[in-house]
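Visitor: I am new to this structure. Please pick one part, take me in close, and then lead me on from there.

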Amino acid sequence: MNRRQTIPKHLRYTINDFNRQFPDDNACIEHLKEQRFPGGIVFCGKCQQEQKHHRINGRPVYACNVCLTQVSPMAGTIFEHSSTSLRLWYYAMYLMASTRCGISAKQIQRETGVTYKTAWRMFKQIRSLLGSDDKLEGPATVEIDEMYFGGRTKRINMIEKPKTPVLGAVERKGGRVIARVAADTKKPTLHGFIKEYVLPGSVLFTDDYPAYDGIEGPNYRHYRVRHSGRVYVTGSRGQIHTQTIEGFWSLVKRGLAGVYHNVSTKYLQTYLDEYCFRYNRREMGNLIFTSMLRRVSELASRPALVPAQMKPAPTDAF
Ligand SMILES: [Zn+2]
């Protein structure tokens, strides 16, 4: 956890920076507006063209300078329909971006006084922004590995709870990672995963699990680490290993066990997305936060018009 100290000064973003940039809800709303409608300019549904908008005092909405039709920068984002203050949302994202191992809903509950349910739902919403379908850049040197998640073997109705298989690929130099929940770890699934995310021309390193058989060919060179023979690093320069992906798995496993305790199969992919999102930006220091904020706007649907009588925030938490 001391890696923060190795972050170059210009990439640091401390809690003091956060407090300075986002002292209150207003600052967050202005920030969101600038991300979604730079300079206050956005398409006005009534004028049927882009218009400059201005802030309506005391409300999180902006009105068209010409026809006064209102838009909300929160419409279509994860913040819509939430009565939690925008600053608290920003703070939750700041925390998630700043940790390496994950952040629990309990912690934000303790720090801010929101209910556990609200905190849990906020993190769930934030995590929903972090997925990516990017391929690894390449061709590259890639370690592939399969892993099972699902905690300790629990018995439910005397039936062993199955663990969930996850497939991972990590590029050694530059080090992007991809992790996907999979139906199984059979050959067609593993090969399908590799073809989907790893560019042809790449060199693959795997363990000696037989389902990788046959991946060697015109598209991929393939080296194996003989785990079953207890040989973990081979090759003249020790390059035949899968330690990078194993390092990533142990980061995720520690996090899920220590911070999140029980993660159901249903949500496992979103937790993996959170770990991949941070891992793939680990050179960015705490500017991961900026990148997370950008996702909010990138994934927002088109700004909806605010109904004539702007409703007050709903009374229940979401
Ligand atoms: Zn207008």
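**Helix α7 against helix α8, and onward**

Guide: The crossing of α7 and α8 is right-handed. Keep in mind that this is a predicted model. Now find the two helices. Helix α7 covers residues 243–260, and helix α8 covers residues 265–279. Their axes come within 11 Å of each other. They cross at roughly 125°.

From α7 come Phe248, Leu251, Val252, Gly255, Leu256 and Tyr260. From α8 come Tyr271, Leu272, Tyr275 and Tyr279. What classes do the residues of this contact divide into? Nine are nonpolar, one is polar, and none is charged. Gly counts as polar in this scheme, while Tyr counts as nonpolar.

Helix α3 spans residues 86–98, and helix α9 spans residues 288–298. They pack at an angle of about 130°, and their axes are 8 Å apart. That makes α3 oblique to α9. The crossing of α3 and α9 is right-handed. On the α3 side, Met93, Tyr94, Ala97 and Ser98 make the contact. On the α9 side, the residues are Ile288, Phe289, Met292 and Leu293. By class, the contact of α3 with α9 has seven nonpolar residues, one polar residue and no charged ones.

The loop between β4 and α3 holds histidine 81. Its phi is near 70°, which is positive, and the residue is not a glycine. Is histidine 81 buried, exposed or partly exposed? It is partly exposed, because 14 other C-beta atoms lie within 10 Å.

Strand β4 takes us into a sheet. Four strands form it, open, in the order β1-β2-β3-β4, with antiparallel pairing. The edge strands are β1 (41–44) and β4 (70–71), and each pairs on one side only. Strand β3 (residues 62–64) is the partner of β4, joined to it in the antiparallel sense over two bridges. Alanine 63 has glutamine 70 in β4 as its bridge partner.

Between β3 and β4 there is a loop, and leucine 68 sits in it. Leucine 68 also has a positive phi, near 70°, without being glycine. It counts as exposed because it has 12 C-beta neighbours inside 10 Å, and 12 or fewer is the cut-off for that class.

The last stop is a run of parallel strands. Strand β5 (residues 141–149) pairs with strand β10 (residues 203–207) over three bridges, in the parallel sense. Threonine 141 stands opposite valine 203 in β10. Strand β10 also runs parallel to strand β11 (residues 221–225), and five bridges join the two. In that pairing, leucine 204 stands opposite histidine 222 of β11.

Finish on aspartate 207, found in β10. With 19 other C-beta atoms within 10 Å, aspartate 207 is partly exposed, since 20 or more would be needed for buried. How far apart are aspartate 207 and glutamate 143, in sequence and in space? They are 64 residues apart in sequence and 9.1 Å apart in space, C-alpha to C-alpha.

Methods
Residues are numbered from 1 along each chain as its sequence is written. This is a predicted model: local features need pLDDT of at least 70, side-chain atom pairs count only at pLDDT 80 or more; totals for chains, interfaces and linings use all residues. Axes are lines fitted to C-alpha atoms, for helices over the stretch in contact, and angles run from 0 to 180 degrees between N-to-C directions. Angles under 35 degrees count as roughly parallel, over 145 as roughly antiparallel, 65 to 115 as roughly perpendicular and the rest as oblique. A crossing is left-handed if the near helix is turned anticlockwise from the far one by less than a right angle, and right-handed if clockwise. Two residues are in contact if their C-beta atoms, placed from the backbone, lie within 7 Å. Two strands pair if DSSP finds at least two bridges between them.
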